[in-house]
Amino acid sequence: MIARDVRVDYSSQMKSAAVAELKARLSGYLKRVKAGEEILVTERNVPIARLVPVTGTPEGLVGLRELEQQGLIRLGTGTLSKVFWKLPRGRDRRALVRRAVTRDRDAGW
């Protein structure tokens with residue numbers, strides 16, 4: 001079965017694919033979704049799901065990028081150099097970090 005056009009409302013059309021067709025040609029359908037198409041998944045001609053492209057960035061990342069633009073943080077690359085593990089540990093002589101963690105735990109964080 002080839003994906004067919006399905007009228008979703010008066011102004012848009014969406015490709016449709018039966019579950020068996022989607023399973024057989026998943027890579028092709030995912031390529032179409034990456035290109036911006038939406039795919040309506042049907043089972044016995046009844047719509048059961050819709051595959052849509054992911055847009056934007058996760059909300060948390062948006063907030064971090066704003067902080068980075070303000071110069072308050074610098075986003076990392078996701079990797080730590082081998083030198084990092086050999087650096088001396090910081091000292092918290094007044095136990096401020098431990099107290100802050102304990103306070104957060106007691107508050108329900």
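# Strands, salt bridges and surface patches

Strands count as paired when DSSP finds at least two bridges between them. Helices (H or I, at least four residues) and strands (E, at least two) are DSSP runs, numbered from the N terminus.

A word on the source. The model is predicted, and local features need pLDDT of at least 70, side-chain atom pairs count only at pLDDT 80 or more, while totals for chains, interfaces and linings use all residues. Residues are numbered from 1 along each chain as its sequence is written, and side-chain values use heavy atoms, with hydrogens and water left out.

Now the overall layout. The chain has four helices and four strands. Read from the N terminus, their order is β-β-α-α-β-β-α-α. How much of the chain is buried? Of the 109 residues, 13% are buried. Buried means under 20% relative accessible area, exposed means over 50%, and partly exposed is in between, with a 1.4 Å probe and protein chains only.

Back to the strands. β3 covers residues 39-43 and β4 covers residues 46-51; the two run antiparallel and are joined by five bridges. Besides the pair I opened with, Ile39 has Leu51 in β4 as its bridge partner. Is β3 mostly covered or mostly open? β3 is mostly covered, with four of its five residues buried.

β3 and β4 form a hairpin, and two residues lie between them. Most residues other than glycine have a negative phi. Arg44 counts as exposed because its relative accessibility is 79%.

Which other residue has a positive phi without being a glycine? Ala95 does, with phi near 60°. Ala95 sits in the loop between α3 and α4. Ala95 has a relative accessible area of 15%, so this residue is buried.

Next, salt bridges. A salt bridge here is a side-chain nitrogen of Lys or Arg within 4 Å of a carboxyl oxygen of Asp or Glu. How many are there by this rule? The count is three.

Glu21 pairs with Arg25, and their closest N and O atoms are 2.9 Å apart. Glu21 has 10% relative accessibility and therefore counts as buried.

Arg32 and Glu37 make another salt bridge, at 3.4 Å from N to O. Both partners are partly exposed: Arg32 because its relative accessibility is 26%, and Glu37 because its value is 29%.

Then there is the salt bridge between the side chains of Arg50 and Glu38, at 3.3 Å from N to O. This pair links distant parts of the chain: Arg50 is in strand β4, Glu38 is in the loop between α2 (26-34) and β3, and they are 12 residues apart. Glu38, at 30% relative accessibility, counts as partly exposed.

Val33 counts as buried because its relative accessibility is 9%. Val33 and Val54 are 21 residues apart along the chain, and their C-alpha atoms are separated by 8.8 Å.

Last, the surface patches. Patches are made of residues with over 30% relative accessible area and no salt bridge; like charges are joined within 9 Å, and nonpolar side chains (Val, Leu, Ile, Met, Phe, Trp, Tyr) within 5 Å. Accessible areas come from the Shrake-Rupley method with a 1.4 Å probe, and for residues only the protein chains shown count as cover.

The nonpolar patch consists of Leu80, Val83, Phe84, Trp85 and Leu87, which together have about 570 Å² of accessible area. Val83 lies in the loop between α3 and α4. Val83 has a relative accessible area of 55%, so this residue is exposed.

A positive patch is formed by Arg94, Arg98, Arg99 and Arg103. Lys and Arg count as positive, Asp and Glu as negative, and His and the chain ends are not counted. The place of a charge is taken as NZ of Lys, CZ of Arg, CG of Asp or CD of Glu. Where is Arg94? Arg94 is in the loop between α3 (59-69) and α4 (96-106). Arg94 counts as exposed because its relative accessible area is 60%.
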